[in-house]
Amino acid sequence: MKEQLEKIYSNAAADISKAASISDLDQIRAKYLSRKGEFNEIKKNLKNLSDEDKRVIGTLANEITVKLETSLKEKHEEFYKIELNKKLQQERIDITLPGKFIPRGKIHPITSTTNEIVSIFQSLGFSVVESAQSPEVETEYFNFDMLNIPKDHPARDVQDTFYTKLASNVVLRSQTSGAQIHVMEEQKPPIRVISPGRVYRNENINARKNNFFHQIEGLYVDKNITFGDLKGVLNEFIRLYFGSSRPTRFRSSFFPFTEPSAEVDVQCIMCQGKGCRTCSGTGWLEILGAGMVDPNVLKGVGIDPEVYSGFAFGMGIERLAMLKYAIDDIRLFFNDDLRFLKQF
Ligand code: DAH
């Protein structure tokens with residue numbers, strides 16, 4: 001039995017010295033030292049021996065077990081260190097690698113142009129109408145009726161305005177002018193507001209026209225407001241937006257909700273008034289519509305036109321951005337081309 005034990009020990013010691021990894025050691029431990037291992041098989045037979053032999057063989061078996069445990073443990077530590085080092089090598093962080101690039105967002109040029117125009121009018125004492133007060137889905141009442149636009153006016157045609165299926169009188173607003181009515185129905189003069197937002201028109205899309213775009217509406221109603229005030233405010237706006245050296249002109253025009261009405265031009269940005277393709281040879285670019293609020297509109301909202309007067313104006317934001325930044329196609333604003341958007 002003693003020889004048997006020594007044989008097992010020398011086999012186990014040989015196995016341990018040949019082991020190449022922690023998992024080899026685990027297998028060796030299972031083979032020799034587990035409950036079903038070779039040593040236990042021998043220990044089971046101890047009970048058949050004499051007391052003296054039991055003591056001798058038992059002691060020997062214990063000594064051998066301890067020796068094997070010790071060398072397994074030593075080997076285990078050795079392999080553990082090797083494997084750990086290997087892992088540390090493989091997983092080492094290379095601090096010289098370039099970082100991950102996270103692209104930075106930008107303000108959309110329509111948003112920044114809107115912000116710029118809004119802050120100019122704020123500096124002139126206008127306040128901003130909350131968009132919730134003047135929605136994009138609108139009734140004909142606000143978009144047309146109360147703005148003195150006749151029932152048979154061509155702007156009401158489905159060729160121009162998008163009608164919804166919500167109800168026969170519900171449209172996508174074709175202009176921000178309805179904001180004037182919302183404000184005047186809620187608020188008594190003095191009124192000095194602007195209202196930026198999106199409008200929709202049933203257009204064939206091309207470089208100059210899109211079927212949605214953005215406008216800013218303005219309204220100033222108080223006692224003794226004159227056309228001179230209109231000119232003063234709009235000239236000041238143009239001076240602040242385009243720079244002081246840009247000449248302007250006011251041309252007589254027509255809008256159903258203003259009387260008299262005007263269109264305002266600035267000298268062509270591209271040719272400085274000489275005449276070019278952008279200004280169709282005229283030397284001038286139209287940038288906004290304006291006028292004195294029609295007495296019918298004031299009456300409609302319960303403001304006495306004998307006591308109060310006012311002016312209104314509306315301008316296209318895309319157009320103002322295109323002129324300022326020399327952009328020649330309105331579609332560029334909306335087709336999500338980052339090469340374009342990154343420039344602003
Ligand atoms: N709503 C007009 C348009 O869409 C622009 C406009 C013209 C607005 C004259 C006004 C105004 O408030 O007085 O073309």
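**View 1. The largest pocket of this predicted model holds about 1,500 Å³ of space.** A pocket is an open set of points on a 1 Å grid over the protein atoms alone, where a 1.4 Å probe fits, with protein on both sides within 12 Å along at least five of seven lines. Its volume is the space filled by probe spheres set on the points. Lining residues have an atom within 4 Å of a point. The largest pocket has 47 of them, and Arg201, Phe213, Gln215, Glu286 and Arg319 lie nearest its centre. Strand E8 (284-293) is one of the elements that supply at least two lining residues. E8 gives the largest share, 6 residues. (Strands, E, at least two residues, and helices, H or I, at least four, are DSSP runs numbered from the N terminus.)

**View 2. The second largest pocket has a volume of about 160 Å³.** Its lining includes Pro103, Arg104, His108 and Leu338.

**View 3. Helix H5 (residues 109-123) and helix H8 (residues 227-242) cross at roughly 135°.** Their axes come within 10 Å. Axes are lines fitted to C-alpha atoms over the stretch in contact, and angles run from 0 to 180 degrees between N-to-C directions. H5 is therefore oblique to H8.

**Notes.** Residues are numbered from 1 along each chain as its sequence is written. Local features need pLDDT of at least 70, side-chain atom pairs count only at pLDDT 80 or more, totals for chains, interfaces and linings use all residues, and side-chain values use heavy atoms, leaving out hydrogens and water.

How values were computed:
Parallel < 35°, antiparallel > 145°, perpendicular 65-115°, else oblique.
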